[in-house]
Amino acid sequence: MAADDACPLPSGAASAPPSACPDTLGEPAGARAPHDCGIRLSAPSSMAEQQSRREGGGNAREEAVTAGSVHTAIVRHAHCSLACGDRDELSPSDAYRAAAMSVRDHLVARMDATERAYDDAGCKRVYYLSMEYLIGRMLQLAVTCLGLDAQYREALLQLGVALEEVAEEEHDPALGNGGLGRLAACFLDSLTTHHFPAWGYGIRYRYGMFEQRIAALRQHEAPDAWLHPAGCPWEIPRPHVRHAVRFFGHVAVRVDGTRTRYRWEGGEQVEAVASDVPVPGFRSGNVNRLRLWRCEPLSGGFDLSLFNAGRHVEAVAGKARAEAISAVLYPEDSSEAGQQLRLQQEYFFVSATLQDIIARHKASGRAVSALPQQAAVQLNDTHPALAVPEAMRLLLDHEGLEWADAWQATVALLAFTNHTVLPEALERWPVPLVQRVLPRIMDLIFEINHRHLQEVESRGANEGQRLARLSIIEETHPKMVRMAVLAAVGSHAINGVAELHSALLRTHLLPDLLDLYPARFHSKTNGITPRRWLLLANPQLSQVITKWVGTDEWVRDLSLIQGLRAHASSPALHADWTAAKLANKQRLAAHIRATCGVEVESVALFDCQCKRIHEYKRQLLNILAVIHRYNNIKCSSFEERARMVPRVVVMAGKAAPGYFRAKCVIHLINAVAQRVNSDPDISGLLKVVFLPNYSVSLAQLIVPASDISQHISTAGMEASGTSNMKFALNGGLLLGTMDGATIEIAHAIGRENVFVFGALAQETHSLRHSLRFRQPIHDDRLVQVMRTIEAGVFGPPDDFRPLLESLGGGNDYFLLSHDWASYLDAQHSVDTLFLNPTEWCRRSIIAASMMGRFSSDRTIAEYARDIWHLQPVVVPEVLNTR
């Protein structure tokens, strides 16, 4: 489309001053043809018609949102917010930004109304502290939550573009990495949907963790530049909300009468500057917020005198140091500099957040001692554990409370969720590092630990080894601060995230604290939001569910999908169910073709394992079994092949940059894929695909298409897992060990509907112990797989030597060789059942229908009842036009 063909702005708008924006731009005169290369800003109606609509619309807050008013808002933002001129065509990126800004107008109005309602109610709020949030793309979710999906679809079609096309322009916000961040996002969704007064707090990472690229079959990391040069259209900058955060320096002591006072001085200060992201709820007038901090130098970060002296790099060194703190999620910490940056990042986050919470509490006119009655602070894993000494610092040094009062308030304020059973994931910081970077905080940790151990001894638990286990300080060289113990000692509630994990928390991780504080321990099984993971990710299946349960209220009350179970054998439901699954598999197949250049058949069994790459998650076991399948196909007769189930193996996930063996697993997966996919001899019976740069949006493609998904962690090592919930809710059957939440899913949907294999958690310790004294007995099929790798079939065998060595002797900590035979048996059962499509479909329906318990709505209701003591505040649902 030529620029000269674009419609000009009305003459009234053309005569306005450059800084002015016309009040409205009119209804569309028509849409462009689908083959046009640009998106044209449609001609407005007459000014008289605009005035008539304004006069007839009444109060703007009561005016119905129509496709016309949505179109007007998009065009207005295109002109006024993006400065697309009267002859400009909107690029797809501009169309997305203009649409997002128009949606944000509605969200901001509701967010303001929500805060007023909370203030008027004088209610308690929960503040959720998480180092990561995988919130996913927001445009489609927001319009769905607002009930404006139809209006936006029509308005965008009037501009000549589909909502789905515009949504593809949105980059996933790079604010998280894995299940921890996705859970946090689900929780915010559920909190808002069910009217709970809540704020999320996190960091506004400039580059996220990394963008995963595959080159020469290996993972390579690149900056994830998710932020548009003009910023994120969803965030609302709050430049006036800023808090100073100090590093280094020293602690000054002075005696004031009978009281000793402490003041942290010197060193270097930075500023935390806020941005807010609205969090909509489904069919809810409430809109909560996620507040994100970016780090800036306190004094501007530019030293003119140094610059004028020719020391140009030194002149901006302070700015670079400050901005590094919020640049990347989880900086690589294998170096001392990396450890320091990561520690600074965690303290920066909790200090800014607690200062913000206390400042807003005091602004309400309430005494700071009343903070726990008005606020609950939930620590999402150990990353925010420095909130314990930081809360004490603020209450003691800034608010003047006595120690006993400050400690009582801190413990009543904070609650701690543990998310891991892996010892290496339980954060520990060297005492010398903390003393140097955070001197006042280290002093407080020492004092907290001293008083804590005094209390332990006063209760008669004065045996030396037990005191050592209960101590926040680990007496190693150097001494270490044990963050999980710090968080547990300083919180009134401690919870695991699945029944097995909570039991291990009590018996293995913190058993002595359980004896000391039994009432603090809870179990809260994780959940997922059905809004993102069914309604948005799988509209085809959502329509089927609504049709067969007779209502769409399941979107807010997932237990209603249990109504499907009564129809699990219905041929009509089977037809609807399989049609939805096929459509999703075709959609994923098209993405695989476009991304990897690999053709896959949609009728094949889609076998998916998509999660962070880690040895305990055992992607290695999966790819070794793929090699076994490949070998088996190669040596089979034509008649035998005719009876085999075609399979498409889809894997995705990132390995931490410094995790060599996990990156080696990715290399092997891609090497196997290259060989298998180029081998004409296997006649389409097997395809292997590794989809790079796993994200929420990619998961929304993969999860609905899965026939079988693998959750095969070594038993006792997965705290919960939530991908198992997403796959099962979307009608995919599970293949897994009895670990994490898979145990509870198997109980809910029936163990006969899960393909279970492997050792149990209570067996793993003795199995590992036995490996120290004997060579593992390898199944002949595993030996053959290892020989295939050593023969160079998938590339130089030395490339994969670390993986092969991990299976030998006492190295097989993750018990792959032990679980191998039962894993292959489970895979055989999968193939056998898939050959019976009627029974497969029946089990798929039953599995999905019994997943109501695994909604994050249920999890949040339990937190609100048992830990936060939080009541909902319903904000009336009012549509707005801006």
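Predicted model: local features only at pLDDT ≥ 70, side-chain atom pairs only at ≥ 80, totals over all residues.

β3 is joined to strand β4, residues 198-203, by four bridges, and the two run parallel. A further five bridges connect β3 to strand β12, residues 375-380, again in the parallel sense. There, L129 stands opposite L379. As a reminder, strands of a sheet pair through backbone hydrogen bonds, either parallel or antiparallel.

I turn now to strand β10, residues 268-280. Of its 13 residues, 11 are buried, so β10 too is largely enclosed by the rest of the structure. β10 pairs with strand β7, residues 236-247, in the antiparallel sense over nine bridges. Within that pairing, R242 has V273 of β10 as its bridge partner. β10 also pairs with strand β11, residues 287-297, over 11 bridges, likewise antiparallel. In this second pairing, S275 stands opposite L292 of β11. The strands β10 and β11 form a hairpin with six residues between them, and R283 in the turn has a positive phi of about 50°.

The largest cavity holds about 190 Å³ of space. Its lining has 15 residues, and I135, L141, A185, V279 and P280 lie nearest the centre. Two or more lining residues come from each of α5 (139-145), α8 (179-193) and β10. By class, the lining of the largest cavity divides into 11 nonpolar residues, one polar and three charged.

The second largest cavity holds about 80 Å³. Among the residues that line it are K611, H711, E718, N724 and D739. Its lining comprises one nonpolar residue, seven polar and four charged.

Let me move on to the aromatic contacts. A search of the whole structure finds 15 aromatic pairs. One of them is formed by Y630 and F794, a tilted pair with 6.4 Å centre to centre and 55° between the planes. This pair links distant parts of the chain, 164 residues apart: Y630 belongs to helix α25, residues 619-634, whereas F794 is in the loop between α32 (780-790) and α33 (801-805). Both Y630 and F794 are buried.

Two charged side chains also sit over rings. The charged end of R768 is placed over the ring of Y813, 3.9 Å from its centre. K726 lies over the face of W533, at 4.8 Å from the ring centre.

In the loop between β15 and β16 we find P478. A cis peptide bond joins H477 to P478, with omega about 0°.

Finally, I draw attention to two backbone angles. A216 is not a glycine, yet its phi is positive, about 55°. A216 is found in the loop between β5 (211-215) and β6 (218-222). Is A216 buried or exposed? With 63% relative accessibility, A216 counts as exposed, because the cut-off for that class is over 50%. S683, also a residue other than glycine, has a positive phi near 55°. The place of S683 is the loop between α27 (660-677) and β21 (686-690). At 56% relative accessibility, S683 counts as exposed.

Thank you for your attention.

Conventions
Residues numbered from 1 in each chain as written. Heavy atoms only, no water. Buried < 20%, exposed > 50% of the residue type's maximum accessible area, 1.4 Å probe, protein only. Pairing = 2+ DSSP bridges. 1 Å grid on protein atoms, 1.4 Å probe; cavity = no way out; pocket = protein on both sides within 12 Å on 5 of 7 lines; lining within 4 Å. Points joined across faces, edges and corners; volume = space filled by probe spheres on them. Nonpolar A, V, L, I, M, F, W, Y, C, P; charged D, E, K, R; others polar. Phe/Tyr/Trp six-rings, centres within 6.5 Å; stacked < 30°, edge-to-face > 60°. Lys NZ or Arg CZ within 6 Å of the ring centre and 35° of its normal.
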